[in-house]
Amino acid sequence: MQQRLRVPLLVSMLSASLALAGCGDAEQAQGPGAQQQQQMTVGVVTIAPQNVDLTTTLPGRASAYRVAEVRPQVNGILQRQLFQEGAMVEAGQQLYQIDAAMYEATLASAEAELKRAQATLKASKARFERSQGLVADKAISQQDYDEAEAAYLQAEAQLKVAEASITQAKLNLEYTRVKAPISGRIGRSQLTEGALLSVGQAQALTTIHQLDPIYIDIAQSSSEYLQLQQAMRSGQIVTDANNRAAVTVKVGDNTELQGELLFNEVTVDPQTSAITLRAKVANPEQVLMPGMYVRTEIASGELQQAILAPQTGVTRDPRGRAIAMVVNQTGEVEQRYLTVQGTVGSDWIVTDGLTAGDQVIVEGLQKIQPGMPVKTEEVK
């Protein structure tokens, strides 16, 4: 019975020894070369500095290029409205008609006064010319001559007063035809026929807005503005000669309007710490209306030798810090914390954490960890 038990035991021990020997031979067969063949291949992008055009996306609000409130320049009763509300009007086009009967009568009276002044001047001039010959012959006294001269000069003055009255009467009569001071889109009429109008009244008859071109008022934080100015002074960002940045206004899904940045305010809003920038944008189809909020892209200039990292290769840790996985010179994965400032297309602008020649991993991030040796393959 004991001999039967010893045989299986010897067989089991012999099998275990052979298995251990086989494992040792397999490990020797793999060697370091076999382990290197099992390294994971990751897709990388090699960082190369380049010059890029910077754009800043900011909110803005449209405001009319010109705004004119139409008010009467003479007193009277409003007789007619001669425009269609909401239509386009041209500068000089008549909008209203004020009762002109009183001003026509004033003009007729001024014209009659002018004729009387002309007749008086004619008689005074003839008397004065006769007095010149008589006083030379001592036929009249010097006093009579002086009186004739004074009457002539007074008649000349009365003629000028009459001519000025004619001019004023004609102006008042013309002012009864209320005209558009600028071209643009006219609003609704605030008064109707029969209303009594007076010079200097607070209520405007209507309002005209010129919408092509149109202004866009843009709010930018003072900190971003100072950073941009500092980068310009240092030469990191280069602008054009006239320093007029191009502006693109996006309306809806497919409409884009082009313009240029005019100026920025010299004060900062104490409530929002923002600076107001004003742009002038072409608006031929008048898709922009005063008061509309829009999204604007401002060309800030050209950033020299920028370090760009693909967004697909940059993640965030729980604290919100930007992280990139980089293959170092020894072929191992290295974690880098980045400082990013804005985007250009599908890339982050990196100001710290990456240098030229670094290989940023963009493919295979889910299967790697820091310190792991990897093989690289350039991704276009």
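These are my notebook entries on a predicted model of a protein.

**Ground rules.** I number residues from 1 along each chain as its sequence is written. Because the model is predicted, I take local features only at pLDDT of at least 70 and side-chain atom pairs only at pLDDT 80 or more, while totals for chains, interfaces and linings use all residues; side-chain values use heavy atoms, with hydrogens and water left out.

**Overall look.** I began with the secondary structure and found four helices and 20 strands. Here helices (H or I, at least four residues) and strands (E, at least two) are DSSP runs, numbered from the N terminus. Of the 380 residues, 31% are buried. I call a residue buried under 20% relative accessible area, exposed over 50% and partly exposed in between, with a 1.4 Å probe and protein chains only. The accessible surface is about 23,700 Å², and 50% of that belongs to carbon and sulfur atoms; these areas come from the Shrake-Rupley method with a 1.4 Å probe, and for residues only the protein chains shown count as cover. Next I looked up contacts (heavy atoms within 4.5 Å). Among those between residues at least 6 apart in sequence, 75% join residues at least 24 apart.

**The α2 and α3 pair.** How do the axes of α2 and α3 cross? Helix α2 covers residues 101–136 and helix α3 residues 142–175; their axes come within 7 Å and cross at roughly 160 degrees. That angle is why I note α2 as roughly antiparallel to α3. The axes are lines fitted to C-alpha atoms, for helices over the stretch in contact, and angles run from 0 to 180 degrees between N-to-C directions. Angles under 35 degrees count as roughly parallel, over 145 as roughly antiparallel, 65 to 115 as roughly perpendicular and the rest as oblique. I also checked the hand of the α2 and α3 crossing, and it is left-handed, meaning that the near helix is turned anticlockwise from the far one by less than a right angle (clockwise would be right-handed). The contact of α2 with α3 involves 18 nonpolar, 10 polar and nine charged residues. In this count Ala, Val, Leu, Ile, Met, Phe, Trp, Tyr, Cys and Pro are nonpolar, Asp, Glu, Lys and Arg charged, and the others, Gly among them, polar.

**D99.** I found D99 in the loop between β5 (94–98) and α2. D99 is partly exposed because its relative accessibility is 31%. Its C-alpha lies 6.0 Å from that of G76, 23 residues away in sequence. Not counting residues up to four places away, D99 touches I77, Q79 and T176.

**A cis bond.** Where does P213 sit? I traced P213 to strand β9 (residues 206–221), and a cis peptide bond joins D212 to P213, with omega about 0 degrees.

**Two positive phi values.** S273 is not a glycine, yet its phi is near 55 degrees. I place S273 in the loop between β12 (255–264) and β13 (274–281), where 39% relative accessibility makes it partly exposed. Leaving aside neighbours within four places, S273 contacts Q220, S221, S222 and V268. Is Q286 buried or exposed? At 16% relative accessibility, Q286 counts as buried, and its loop runs between β13 and β14 (293–310).
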